[in-house]
Amino acid sequence: MANGRPPADEFGRPSRRPRGGSANEEGLAALGREMRSGDPAKVANEQGLQALGARIDASGSGSPKLRRSGKPKWSAGKKTVVILTSVVVLAAAAIGGGYAYLWYRFNQLSKVHIADEVAAQSGQPFTILVIGSDTRVGESAAGAQAFGSAQQVTGQRSDVVQLWRVTPSTKSIQVMSIPRDTVVSMLPPDNSQYGTYNRINSSYNTGANQLVKTITANFGIPINHVVEVDFSGFQDSVNALGGVYMNFPYPAKDAYSGLNITTPGCQLLNGAQALAVARSRHYEYYQNGYWHFDGTSDFGRIQRQDVFLKAMIQEAKSKVNPLTVNAFIGSLHEGVTIDDGWGFNELIGLALTYHSFDPSQLAGQTMPTVSSSAFGGLGDVLTVTQPATQQMLVNIFGSSLQTPSNPPPDVNGVAHQPPTITPTTVTPTTATAVANGGHAAAGSGATTTPTTTPPPSFNPTNCSG
């Protein structure tokens with residue numbers, strides 16, 4: 001482990017009210033207060049809410065869309081994903097919470113306007129940019145002590161940059177992670193502050209829309225929706241579910257993220273412990289009498305995030321009682337922001353469509369990169385490798401890809417347009433695409449597929465409590 005403290009661990013418009021808003025918002029708010037009390041006896045219509053959820057769930061096979069009147073009717077096209085953790089959480093909400101109350105909670109979510117996102121086409125695959133923000137703004141005193149205050153760690157960086165490709169016709173989801181140290185071409189106004197080339201997470205300091213523009217300009221990936229999750233949002237959502245189970249084959253620690261697992265085995269992680277796992281880039285595990293260091297840094301962290309994501313989906317699917325669902329949804333407005341293009345019916349539609357989604361089928365891959373020292377003061381950075389990167393993009397995003405206007409630089413610091421690639425027929429694996437010490441190897445031609453390796457045996461895995 002390097003000596004000294006590493007660099008900061010970089011983990012609008014007002015909300016639109018849906019047309020035909022609730023005629024009894026005050027009553028819904030009162031219901032919310034009753035549910036938050038934690039006493040099931042105080043929820044006057046809990047059975048009615050559950051029955052309504054059951055009817056909504058039973059209608060899922062016909063792909064309905066809920067009208068303003070509340071009657072089912074919908075197109076199978078517009079389906080979306082919510083938060084970094086799990087699309088299935090909203091399925092639990094739909095089953096246990098009831099349409100009207102979810103509408104009330106939806107209006108409480110923070111919204112941001114993304115001018116450069118592209119409207120999703122009905123019935124077609126679409127892409128969601130999921131951002132894990134390391135902003136300290138709004139952190140509690142405990143959070144400031146653990147992560148540093150907003151004065152100590154200024155601005156915001158994208159600790160997590162994931163692109164979720166959702167295909168409604170096959171009910172599949174592919175997740176591609178971009179390592180935070182990947183060098184990209186900066187766009188105005190970032191280039192005046194950060195130079196022509198810099199880490200991708202730097203562009204998020206200007207805002208979510210700037211990161212959307214940067215990804216599209218460098219890789220030609222149109223973004224249809226955005227979800228931002230900060231430290232408090234992550235922790236609160238885990239706590240609202242009652243924690244998440246993970247199995248640690250060995251004791252584990254990370255002095256920088258706060259991870260401290262003293263005993264091996266399947267154990268329930270609370271929000272703070274789960275965040276420490278998801279943020280860990282200096283992971284150590286105790287085996288054969290001494291501590292071993294995982295030197296893969298951000299690549300190891302991405303692998304552990306993929307495992308945690310599946311564990312949280314599984315946990316969410318098992319929690320369908322109204323009180324837990326209410327606690328979860330109530331926690332989202334504190335640290336989760338969605339773009340204002342999301343429609344409430346879209347979210348309900350997604351929940352109903354993906355409520356039976358098997359988390360083991362979540363396909364997680366990492367953009368192929370290689371270390372480079374061609375960027376002077378940037379220190380240790382990564383650059384994309386070709387044609388492996390373009391092969392992965394074509395396989396995931398297909399014909400939606402555009403010609404990049406500002407392609408990223410190669411290992412020598414020279415920007416090139418990506419090669420022409422033919423899609424392969426290989427089904428994406430659930431293993432993170434990493435090789436050669438954590439960096440994906442470049443392919444050798446149009447038919448080359450990304451190299452994949454299973455996660456190391458010392459990493460935590462899913463388990464049931």
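A search of the whole structure finds 1 disulfide, defined as a pair of cysteine sulfur atoms within 2.5 Å. The bond joins C266 to C463, with an S to S distance of 2.1 Å. The angle about the S-S bond is 85°, and the link of C266 and C463 is right-handed. C266 sits in strand β11 (residues 265-269), while C463 belongs to the segment after β18 (461-462). The two cysteines are 197 residues apart, and the pair links distant parts of the chain. C266 counts as partly exposed, at 36% relative accessibility. C463 also counts as partly exposed, at 23%. Here buried means under 20% relative accessible area, exposed means over 50%, and partly exposed lies in between (1.4 Å probe, protein chains only).

The model is predicted; local features need pLDDT of at least 70, side-chain atom pairs count only at pLDDT 80 or more, and totals for chains, interfaces and linings use all residues. Residues are numbered from 1 along each chain as its sequence is written, and side-chain values use heavy atoms, with hydrogens and water left out.

The protein contains 13 helices and 18 strands. These are DSSP runs numbered from the N terminus: helices are H or I of at least four residues, strands are E of at least two. Of the 465 residues, 55% count as buried.

Strands pair if DSSP finds at least two bridges between them. β8 and β18 run antiparallel and are joined by 2 bridges. M246 stands opposite N462 in β18. In general, strands of a sheet pair through backbone hydrogen bonds, either parallel or antiparallel.

Helix α8 (residues 231-240) is largely enclosed by the rest of the structure, because 8 of its 10 residues are buried. Among them are F231, F234, Q235 and V238. G242 follows α8 and has a positive phi, near 85°.

Aromatic pairs number 8. The rule takes rings of Phe, Tyr and Trp (its six-membered ring) with centres within 6.5 Å; planes under 30 degrees apart count as stacked, over 60 as edge-to-face and the rest as tilted. W103 and F344 form a stacked pair, 6.0 Å centre to centre with 20° between the planes. W103 lies in helix α4 (residues 99-106) and F344 in helix α12 (residues 344-354), so the pair ties together parts that are 241 residues apart in sequence. Both W103 and F344 are buried. Y250 and Y285 form a tilted pair, at 5.8 Å and 35°. Y250 is in the loop between β8 (244-248) and β9 (252-254), whereas Y285 is in strand β12 (residues 284-287). Y250 counts as partly exposed at 22% relative accessibility; Y285 is buried at 11%. Ring pairs link Y250, Y283, Y285 and F458 into a cluster.

Charges over rings were also searched. The criterion places NZ of Lys or CZ of Arg within 6 Å of the ring centre and within 35 degrees of the ring normal. K111 lies over the face of F106, at 4.5 Å from the ring centre. K253 lies over the face of W291, at 4.4 Å.

The count of salt bridges is 4, each a side-chain nitrogen of Lys or Arg within 4 Å of a carboxyl oxygen of Asp or Glu. R304 forms a salt bridge with D294, the closest N and O atoms being 3.0 Å apart. R304 lies in helix α10 (residues 298-317), and D294 in the loop between β13 (290-293) and α10. R304 is buried, with a relative accessible area of 1%. D294 is buried as well, at 5%. R301 and D298 meet at 2.9 Å, N to O. These two are 3 residues apart in helix α10, so about one helical turn separates R301 and D298. R301 counts as buried at 0% relative accessibility, and D298 at 5%. Salt bridges that share partners join R180, D181 and R199 into one network. R180 and D181 are buried.
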